[in-house]
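Have the viewer at hand and go through the points in turn.

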Amino acid sequence: MIVSPETAKRLVKRKRADNLFRFACFAAALLGVLILVLFLVKIVIDGAGRLSWHFIRSDLSSRPNRTGIWPAVVGSAYVMILTAGIAVPMGVAAAVYLEEFNTKKNRLTEFIQLNIANLAGVPSIVYGMLGLAVFVRWMALKQSVISGALTMSLLILPMVIIVTQEALRAVPKGYRDGSLALGSTYWQAIRHQVLPSAAPGIFTGIILSISRAVGETAPLIVVGAAAYVRRVPQSIHDTYTVLPIKIFDWAGEAKHGFNEAAASAILALMIALLLLNSVAIYLRARARLRR
């Protein structure tokens, strides 16, 4: 095939532009990976020496060489378990209704759907202010574990709904039609065919939503989570602290020992997030094998 000189020049320019774009994408990805690696290396160097089971199980202290993170670990566990218990059933139920039972779209449901999508992008501090006004003051729950959990539930609820809807949309329509043709009700078709098929995506979205909530600090600071609590919370009405707030508090301390404790707490938080993501991978793989 004979190519004219002008066409050849254009092809050379396109190839150069393609190579330049490819190099720019590679450089951007490499830069992000290098920054992440440097961050992890710095955290490991500063915090690996303090991270131990004794550090995790010890109480908080004003002395950097004696402090631990156990009250913050228990507080984080309380908040996350309550958050998941509130947001996950509500989010999945809302997604099932909007995607499966809401067959006739109207202005109200479209308005709700639009606002759910918008709420997923609202800054977390706004949810903290809402939680302060509604749960802490209006409902008089004060600076307790339940007020923090309710606030974090509002934070992750739009994400749970959106991810569950996407997982339900990915299920072929033939699953529903086949189940209905065999005599099942619509709810039985959803329960026994649609939800199990959508389970991998739903589990992944739920774990990622909870992982986001684990690392949030601003909403809990606004609703009154304390930075220093010696006593482990015994009920949902007690005061509490969480790991991200302790990390934020220690990072601003002038004493070098608190900076090391903050690095160790970051490592503990990262390990917890990795475990949550591992659970998501396991549940997704198990759900796929059952299909």
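1. Let's start with Asp-46, which is partly exposed because its relative accessible area is 27%. For the wording used throughout, buried means under 20% relative accessible area, exposed over 50%, and partly exposed in between, with a 1.4 Å probe and protein chains only. Asp-46 pairs with Lys-42 in a salt bridge, at 3.2 Å from N to O. Both residues lie in helix H1, four residues apart, or about one turn of the helix. A salt bridge here is a side-chain nitrogen of Lys or Arg within 4 Å of a carboxyl oxygen of Asp or Glu.

2. A word on what you are looking at. This is a predicted model, where local features need pLDDT of at least 70, side-chain atom pairs count only at pLDDT 80 or more, and totals for chains, interfaces and linings use all residues. Residues are numbered from 1 along each chain as its sequence is written, and side-chain values use heavy atoms, with hydrogens and water left out.

3. How confident is the predictor? The mean pLDDT of the chain is 84, and 97% of its residues reach 70 or more; pLDDT is the predictor's confidence in each residue, from 0 to 100. Helices are DSSP runs (H or I, at least four residues), numbered from the N terminus.

4. Back to H1, which covers residues 5-47 and holds Lys-9. Lys-9 counts as exposed because its relative accessibility is 60%.

5. Which residues form the nonpolar patch on the surface? They are Val-33, Val-37, Val-41 and Ile-45, with about 350 Å² of accessible area together. Val-33 lies in H1 and counts as partly exposed because its relative accessibility is 47%. Patches are made of residues with over 30% relative accessible area and no salt bridge, with like charges joined within 9 Å and nonpolar side chains (Val, Leu, Ile, Met, Phe, Trp, Tyr) within 5 Å. The areas come from the Shrake-Rupley method with a 1.4 Å probe, and for residues, only the protein chains shown count as cover.

6. Salt bridges come to eight by the rule in point 1. One of them joins Glu-100 and Arg-176, whose closest N and O atoms are 2.7 Å apart. That pair links distant parts of the chain, with Glu-100 in helix H3 (residues 70-101) and Arg-176 in helix H7 (residues 173-181), 76 residues apart. Are these two residues buried or exposed? Glu-100 and Arg-176 are both buried.

7. Elsewhere, Arg-212 and Glu-216 meet in a salt bridge at 3.4 Å, N to O. Arg-212 is partly exposed, at 27% relative accessible area, whereas Glu-216 is buried, at 14%. There is also a network of salt bridges that links Glu-99, Glu-166 and Arg-169.

8. Now take a look at H8 (residues 186-214). A straight helix of its 29 residues would span 42 Å at 1.5 Å a residue, yet H8 spans only 36 Å between its end C-alpha atoms. The expected span is 1.5 Å times one less than the number of residues. H8 has a kink of about 55° at Ala-199, shortly before the proline Pro-200. The bend at a residue is the angle between axes fitted to the seven residues ending there and the seven starting there.

9. H5 also bends, by about 35° at Gly-131. Its end C-alpha atoms are 20 Å apart, which agrees with the 21 Å that its 15 residues should span. The buried residues of H5 include Gly-131, Tyr-127 and Phe-135.

10. Finally, check the loop between H5 and H6. Most residues other than glycine have a negative phi. Ala-140, in this loop, has a positive phi of about 60° and is exposed, at 51%. Lys-142 lies in the loop too; its phi is near 60°, and its relative accessibility of 57% counts as exposed. Val-145, in H6, counts as buried at 0%.

Terms used: Helix = DSSP H or I, 4+ residues; strand = E, 2+ residues; numbered from the N terminus.
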